[in-house]
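Please look through the structure below before reading on. The paragraphs that follow lead through its pockets, its core, its helices and a few loop residues.

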Amino acid sequence: MSSSTVEPILPPPDRTTPEPPPREAHLARAHHHHPPAGRRPGNRLAGLANLAGLVDAHALALLRATVGIVFVGFGVLKLFPSASPAEQLAVDAATKMTLGLVPETVLLLSLAALETAIGIGLIVGRRLLRPALVAFFLHMGGVFSTLVLLPDAMWQPHSPAPTMEGQYVVKNVVLVAVCLVVAANEWVRHPRPRRRTAG
């Protein structure tokens, strides 16, 4: 007597219904497409773009204010005896330019007032800007003249390299460049009206 077992016939799998992906793969794709808030690269780029746009919109005001603050700081220091490291250098140069006819105290106070006034004019701008720029360039002419008037203090002996004081003077080319940009913008945007000639 033979016995046989009948295996159950299973229905073929339904090919129309896709199998759900594993949970790990689903989470990985979700994390890849949806990074947490605050870490998205687009947010950082947008923030940098906004900052760059803000700086660009106020670039000239920023340049004026920074140079103005430097001048006010240096000018105020000269009001206090021995507070400014460039005090004696400035007095010696101004004494040579005035042929020693003006007392040193008057020269120092005049330089302090001039530098402070230039700084305030640059910071405030408007009607004070043009006089401040003119005074700035005249003052820079006097500053750079120390390279010729005081060669022993400005240049190292037997070398074309500047001393520490000379470097202090030469670095003012940066301030000159900044104020040249400010002056060019001011004169281009607000040209002086031409006077009408009679006839």
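The lining of the second largest pocket is made of 6 nonpolar, 3 polar and 4 charged residues. The volume of the second largest pocket is about 200 Å³. Its lining has 13 residues, and the closest to the centre are L60, A61, R64, N185 and R189. At least two residues of this lining come from each of α3 and α9. A pocket here is found on a 1 Å grid over the protein atoms alone, as an open set of points where a 1.4 Å probe fits, with protein on both sides within 12 Å along at least five of seven lines; lining residues have an atom within 4 Å of a point. Grid points are joined across faces, edges and corners, and a volume is the space filled by probe spheres set on the points.

The model is predicted, so local features need pLDDT of at least 70 and side-chain atom pairs count only at pLDDT 80 or more, while totals for chains, interfaces and linings use all residues. Residues are numbered from 1 along each chain as its sequence is written, and side-chain values use heavy atoms, with hydrogens and water left out.

The protein chain has 9 helices and 0 strands. Helices (H or I, at least four residues) and strands (E, at least two) are DSSP runs, numbered from the N terminus. Of the 199 residues in the protein chain, 25% are buried. Buried means under 20% relative accessible area, exposed over 50%, and partly exposed in between, with a 1.4 Å probe and protein chains only. The protein chain exposes about 15100 Å², and carbon and sulfur atoms supply 66% of that area. These areas come from the Shrake-Rupley method with a 1.4 Å probe; for residues, only the protein chains shown count as cover. Among contacts between residues at least 6 apart in sequence, 66% join residues at least 24 apart. Contact means heavy atoms within 4.5 Å.

The next subject is the largest pocket, which holds about 690 Å³ of space. It is lined by 31 residues, of which A90, E115, H139, V143 and Y168 are the closest to its centre. Two or more lining residues come from each of α3 (59–77), α4 (87–97), α5 (104–124), α6 (129–149), α8 and α9. The most is given by α6, with 6 residues. By type, the lining of the largest pocket divides into 20 nonpolar, 7 polar and 4 charged residues.

Which residues of the largest nonpolar core touch the most other members? They are V67, F71, L122, L133 and F136, in a core of 23 residues. A nonpolar core is a set of buried Ala, Val, Leu, Ile, Met, Phe, Trp, Tyr and Cys residues joined through side-chain atoms within 4.5 Å. The elements that give this core two or more residues are α3, α4, α5, α6 and α9. Its largest share, 8 residues, comes from α6. Leaving out residues up to four places away in sequence, F71 touches E115, T116, I118, G119, F136, H139, M140 and L175.

In α4, the buried residues are E87, L89, V91, A93 and A94. They pack against α5, α6, α7 and α8. Just after α4, L99 takes a positive phi of about 60°.

Two loop residues are buried. N172 is found between α8 (164–170) and α9 (173–189), and N172 counts as buried because its relative accessibility is 13%. Beyond residues up to four places away in sequence, N172 touches M140, V143 and F144. T163 lies in the loop between α7 (151–154) and α8, and T163 is buried because its relative accessibility is 14%. Apart from its neighbours within four places in sequence, T163 is in contact with A153, M154, W155 and Q156.

R126 lies in the loop between α5 and α6, and R126 is exposed because its relative accessible area is 75%. H158 is in the loop between α7 and α8, and H158 counts as exposed because its relative accessibility is 88%.

Methods. Nonpolar A, V, L, I, M, F, W, Y, C, P; charged D, E, K, R; others polar.
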